[in-house]
Amino acid sequence: IGTAIILILVLVSYLFGRKIAKPLEMLKKATEKIGKGDFEYRIGLVRKDEFGNLDRAFNKMANQLQQTTTTIELLENEVTHRKQVEKDLKQSEAQLNTLLNATTDVAGLIEPNGIFIACNDALAKSLGRKNEELVGKSVFEFLSVEAAERRKGVLQEIATTQKPLQWEDEHAGRYFNNSVYPILDGSGNVK
């Protein structure tokens, strides 16, 4: 009888050990896979004991890691894209400044409401300012009331007709031959 009890105890401990060892081995394998970056790997134990709870918690953690990694990748792609757009914008601004400064005449870009978008060195110098002091300011701030009213009328006419306009006028004892060309957006509206 003693031998039979010992054999039963050995058999029970062997089976009980396998019941514990197999899930632990699966958990170890899953941990190694996740550690190597395979966030799609799941354990797949279908049990209603502590190992089943551990399986569900581990798989939930793997899902969260996968989502976090995907989010980080999307953010990295967005940052890369924005850096490229910023680089392209700076290059475009440099080209615009080169084009504006290719002439010794005063030249600039203004919005229909008279706000400077860009100007060349000759325009800034004629107003006794630096380029960066003019961008974002209204062209009308630098004109007499009468000249400002005339220019507002011209800008309104250009916005309405969407055609270039040339005219001569006087400001501070100086005469100017002005040419204004509208820039149209994809819908044909003055920008």
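This is a predicted model: local features need pLDDT of at least 70, side-chain atom pairs count only at pLDDT 80 or more; totals for chains, interfaces and linings use all residues.
1. The largest nonpolar core is made up of 12 residues, among them Phe116, Cys119, Leu134, Phe140, Phe142 and Leu155. Strand E2 (116-119), helix H3 (121-126) and helix H5 (145-161) are the elements that give two or more residues to this core, and the largest share, 3 residues, comes from H5. Apart from this core lies another one of 7 residues, which include Leu27, Ile34, Phe39 and Ala62.

2. Cys119 belongs to the largest core, and, when its neighbours within four places in sequence are left aside, Cys119 is in contact with Leu100, Ala107, Gly108, Ala124, Asn131 and Leu134.

3. Helix H2 covers residues 50-100, and its 51 residues reach 74 Å from the first C-alpha to the last, which is close to the 75 Å expected at 1.5 Å a residue. Among the buried residues of H2 are Phe51, Phe58, Ala62 and Leu100.

4. A search of the whole structure finds 1 aromatic pair, formed by Phe116 and Phe142, whose rings are tilted, with 6.3 Å from centre to centre and 55 degrees between the planes. The pair links distant parts of the chain, since Phe116 lies in strand E2 and Phe142 in the loop between helix H4 (131-134) and H5, 26 residues apart. Phe116 counts as buried because its relative accessibility is 4%, and Phe142 is likewise buried, with a relative accessible area of 15%.

5. Finally, Lys152 lies over the face of Phe140, at 5.1 Å from the ring centre.

How values were computed: Residues are numbered from 1 along each chain as its sequence is written. Side-chain values use heavy atoms; hydrogens and water are left out. A nonpolar core is a set of buried Ala, Val, Leu, Ile, Met, Phe, Trp, Tyr and Cys residues joined through side-chain atoms within 4.5 Å. Buried means under 20% relative accessible area, exposed over 50%, partly exposed in between (1.4 Å probe, protein chains only). Helices (H or I, at least four residues) and strands (E, at least two) are DSSP runs, numbered from the N terminus. Contact means heavy atoms within 4.5 Å. The expected span of a helix is 1.5 Å times one less than its number of residues. Rings of Phe, Tyr and Trp (its six-membered ring) pair if their centres lie within 6.5 Å; planes under 30 degrees apart count as stacked, over 60 as edge-to-face and the rest as tilted. A charge sits over a ring if NZ of Lys or CZ of Arg is within 6 Å of the ring centre and within 35 degrees of the ring normal.
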